[in-house]
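Me: I am new to this structure and would like to go through it step by step. Could you show it, please?

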Amino acid sequence: PLKDLIKIAAYTGMRIEEICSKSRVDQGWLVIEDAKTVAGDRRVPIHPELLDGTFDRWLIYVANIKPNKYGNKSDAIGKRFGRLKTSLGFSDQQVFHSIRHTVSTELKRHDPSMTLIINELLGHEKPTDLSMGLYAKPIDEFKYDLIKSLNYNFTEL
């Protein structure tokens, strides 16, 4: 499950709790609801690399996680991630949220002109100007193209 969690984060940019309990699948999209912020409620396309069984395994695993007293499901697996990264020699500066930073960097590296769409994918606030903030609506095909641009060379540990 930890490997699947890391892979999902790397191909979506989602926060750990969003992956564990704040999202659902709807026709090829991850729908994040009740996120950390209003902008965090969003849709993220499912990357083709997650259709190799990763997502199916994860959905079975997460369905059986018992939430803690605050309703969070990510505590136990988050601690497992911490032990793994420490055993691999990563410092305290590298945390699960660092994966989100990597996704953001890779998306911007792929197409710096898509900042608005990248913000939507990651659940960040839109700009407040009228043309790009108020009037601009999400464009799903750009989201899918950006997510598909993520490419990693994962190896077995």
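Me: Where is the place of His47?
Reply: His47 sits in the loop between strand E3 (42-45) and H3; helices (H or I, at least four residues) and strands (E, at least two) are DSSP runs, numbered from the N terminus. This is a predicted model, in which local features need pLDDT of at least 70 and side-chain atom pairs count only at pLDDT 80 or more, while totals for chains, interfaces and linings use all residues. Residues are numbered from 1 along each chain as its sequence is written, and side-chain values use heavy atoms, with hydrogens and water left out.

Me: Does His47 count as buried or exposed?
Reply: His47 counts as buried because its relative accessibility is 4%. Buried means under 20% relative accessible area, exposed over 50%, and partly exposed in between (1.4 Å probe, protein chains only).

Me: Which residues does His47 touch?
Reply: Leaving aside residues up to four places away in sequence, His47 touches Tyr11, Ile147, Lys148 and Leu150. Contact here means heavy atoms within 4.5 Å.

Me: On to H8, then. Which of its residues are buried?
Reply: In helix H8 (residues 140-149), the buried residues are Lys143, Leu146 and Ile147. They line one face of the helix, because they fall within an arc of 100° seen down the axis of H8. The arc is that of the directions from the helix axis to the C-beta atoms.

Me: And what do they pack against?
Reply: The buried residues of H8 pack against H1, E2, E3, H5 and helix H6 (115-122).

Me: What about H3: which residues are buried there?
Reply: Thr54, Phe55, Trp58 and Val62 are the buried residues of H3. Their arc around the axis is only 85°, so they are on the same side of H3. Asp56, Ile60 and Ala63, on the other side of H3, are exposed.

Me: Which elements do the buried residues of H3 pack against?
Reply: They pack against H1, helix H2 (16-21), strand E1 (23-26), strand E2 (29-32) and H4.

Me: New topic: which helix gives the largest share of the lining of the largest pocket?
Reply: H1 does, with 4 residues. Helix H1 (2-12), helix H3 (54-63), helix H4 (75-87) and helix H5 (98-110) each supply at least two residues of that lining.
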